[in-house]
Every structure is written in structure tokens, then in C-alpha cells.
Amino acid sequence: MVTEQEVEGLGQMLVDPQKPLQARFRALFTLRGLGGPAAISWISRAFSDDSALLKHELAYCLGQMQDSRAIPVLVDVLRDTRQEPMVRHEAGEALGAIGDPEVLEILKQYSTDPVIEVAETCQLAVRRLEWLQQHSGEPVAQGPYLSVDPAPSAEERDVGRLRVALLDEARPLFDRYRAMFALRDAGGEEAALALAEGLHCGSALFRHEIGYVLGQLQHEAAVPQLAAALARPAENPMVRHECAEALGAIARPACLAALRAHAADPERVVRESCEVALDMYEYETGSAFQYADGLEHLRPPPS
Ligand SMILES: [Fe+2]
Ligand SMILES: [Fe+2]
């Protein structure tokens, strides 16, 4: 059992900008695993920080916790145009992940936001909530991954057909996301390579989600494509960030050079992602010191 004082300690660590980012991330993942109103309120307080990387992860965690008590803070963040697009995007996605239809109207409203990543996210979240309503009461097919995804995996199992659906820019984004998650669930080299092709598709939101999914899949075949996307200075920072975290999650020696090469990137969110990814690399390879809280197993995959 975790005491109130321990939750308080984790919360203080999370909201302290003087503490190393990695330690703050650890505190966040532990709070996420604990859940409950105290954890939600500590996580909410950290939205006043100035690291977009940390703030987007707060929103991601609140979504994954699927607790309706986080709705008000997530709506505030979605509405707040001073927050970075990546943070507002993650708040919109989290509102979809919680699955409560009460947020349908607000999500519809932000489906035409001038920030395209925010608009597309809200369109997807609306589709997810509508899909849940249409399929309520049906048994949920649980795939190999525990994340709450922005779209359910497609029923199609054929990797070739899923690849075609994924890369077809004329299809609705929601259907392409469904193909994306089905490819992830299928796994294997062919699926990893099909997903990696998606790093060249049109929407930055789509490409960043490809990076996320490749991080979950952890297949070495995608490393060259992920490293190339991270190295493209003209690529959207949200995409480069996700590729860095995926490389950290794949955690093979080939990933290290790419991450080290961008550890001083001029783009803050990329630089911080590489820092956190290098930390994850050490974690995955088990060579780093173990964190003292004893709750490392609660650590989710990167978003
Ligand atoms: Fe995201
Ligand atoms: Fe992310």
C-alpha cells in the first residue's frame, strides 16, 4: 500500500522544475499506476510547467487512466491556445480515451480548430466515442497491447491489405488508424516495414502515431526509418519526438547513435525526448541503476 505521504512525495517530485526530467517522468508513471483523485490532482498541477514533452505526457497518462474526474482539466488544456499543439493534441486524444460521451460536443467543436493536429485529433476522438456507442455491450477484443488506442484495431488480419489501407491517403484517418493498430497487433517484420512506410505519409499527426506504434512494436526492422525521420530537421517536432522515443524503446545498439546525435538538438522537445529515450535505453538494457521507488514495472510504453 502506498501512503498519502508517498503520493505527496511523488507529486512534489513531478511538479518541481528543478528536478531532472527523467525523475519527474518516473514520478508521473508511478502516479499514473496508482490512480485516484490525489494522483489526478498532482498530475493536473504540472500543466503549468514549461516542458511541452512533460505536459503532453501528463495528458497522455490522464487519458490512459480512463478516470472521468480528469475531464475538466483536459478540457481546459484543449481550450488553452497558449499550450503547445502537441499538448492540446494529447488532451483531445485523452478525452477520447476516457470514453465518456459527455465530451462529444466539445470534441466536435475543436474538430475544426485552426491547429491541424488538434482538429484531426478531435475528429478521431469523436469517431472513437461514436464507435464505442455503436458497439456498447459487445465484448471488447483485447489485443496484445494494454494501451487505450485512439481507434480500435481493424478486423482485417492480412498484412498486405492492412498496408494498403494504412497508406491510402484518400481513406478516412480513422480507418487508416484502425489499420495501423491492426498491423501493430499482427507484429513481425512485414508489419513493421509497412508501418515504417507510413513515416512518409501526409499528415504529421498520422506520422507521429506511426512513431508511437513502432515504439510499442519494438521491431528492429524499423530502426533505419525511425532514425531517418528523427534526423529530418524539417519534420514536425511532434513526429521527431515520437521517433526518438520509439528508438529508445527498441533499445538496440543501433538506436544509441541516433539518439546521441540529437541529444543537443535545437528543438527542445526533440532534445528532451532523446534524453528520456537514452534513459529508457539504459532501462531496457538493464545497465542503469535501478530507480529506488520499486514501482518500475508500472512504467508504460512511451506515448
Ligand atoms: Fe500523441
Ligand atoms: Fe508523445
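Predicted model: local features only at pLDDT ≥ 70, side-chain atom pairs only at ≥ 80, totals over all residues.
Trainee: Is glutamate 90 buried or exposed?

Mentor: Glutamate 90 counts as buried, because its relative accessibility is 2% and the cut-off for buried is under 20%.

Trainee: Which residues is glutamate 90 in contact with, leaving aside its neighbours within four places in sequence?

Mentor: With those neighbours set aside, the contacts of glutamate 90 are His56, Ala59, Tyr60 and His208.

Trainee: What does the UniProt annotation "binding site" cover?

Mentor: According to the UniProt record, an unreviewed entry, the "binding site" annotation takes in His56, Glu57, His89 and Glu90. These residues span 35 residues in sequence, but no two of their C-alpha atoms are more than 11.0 Å apart, so they gather at one spot.

Trainee: Where does glutamate 57 lie?

Mentor: Glutamate 57 lies in helix 4.

Trainee: And is glutamate 57 buried or exposed?

Mentor: Buried, with a relative accessible area of 0% for glutamate 57.

Trainee: What separation is there between the C-alpha atoms of glutamate 57 and alanine 227?

Mentor: Those two C-alpha atoms are separated by 22 Å, and glutamate 57 and alanine 227 are 170 residues apart along the chain.

Trainee: Changing topic, helix 5. Which of its residues are buried?

Mentor: Helix 5 runs over residues 71-79, and its buried residues are Ile71, Val73, Leu74, Val75, Val77 and Leu78.

Trainee: What covers the buried residues of helix 5?

Mentor: The cover includes helix 3 (37-45), helix 4 (52-65), helix 6 (85-98), helix 7 (104-109) and helix 8 (116-134).

Trainee: Now the largest pocket. How many residues line it, and which lie nearest its centre?

Mentor: The lining of the largest pocket has 27 residues, and Trp131, Val140, Ala141, Pro152 and Ser153 lie nearest the centre. The elements that give two or more residues to this lining are helix 8 and helix 10 (173-186).

Trainee: How much space lies in the largest pocket?

Mentor: About 750 Å³.

Trainee: How do the residues of the lining divide into nonpolar, polar and charged?

Mentor: The lining of the largest pocket has 11 nonpolar residues, eight polar and eight charged.

Trainee: Which domains does the lining draw at least three residues from?

Mentor: Domain 1 (1-140) and domain 2 (149-302) each give at least three residues to the lining of the largest pocket.

Technical notes:
Residues numbered from 1 in each chain as written. Chains lettered and ligands numbered in written order. Heavy atoms only, no water. Buried < 20%, exposed > 50% of the residue type's maximum accessible area, 1.4 Å probe, protein only. Helix = DSSP H or I, 4+ residues; strand = E, 2+ residues; numbered from the N terminus. Contact = heavy atoms within 4.5 Å. UniProt positions renumbered as here; feature names shortened; annotations may be inferred. 1 Å grid on protein atoms, 1.4 Å probe; cavity = no way out; pocket = protein on both sides within 12 Å on 5 of 7 lines; lining within 4 Å. Points joined across faces, edges and corners; volume = space filled by probe spheres on them. Nonpolar A, V, L, I, M, F, W, Y, C, P; charged D, E, K, R; others polar. Domains from an automatic or database assignment.
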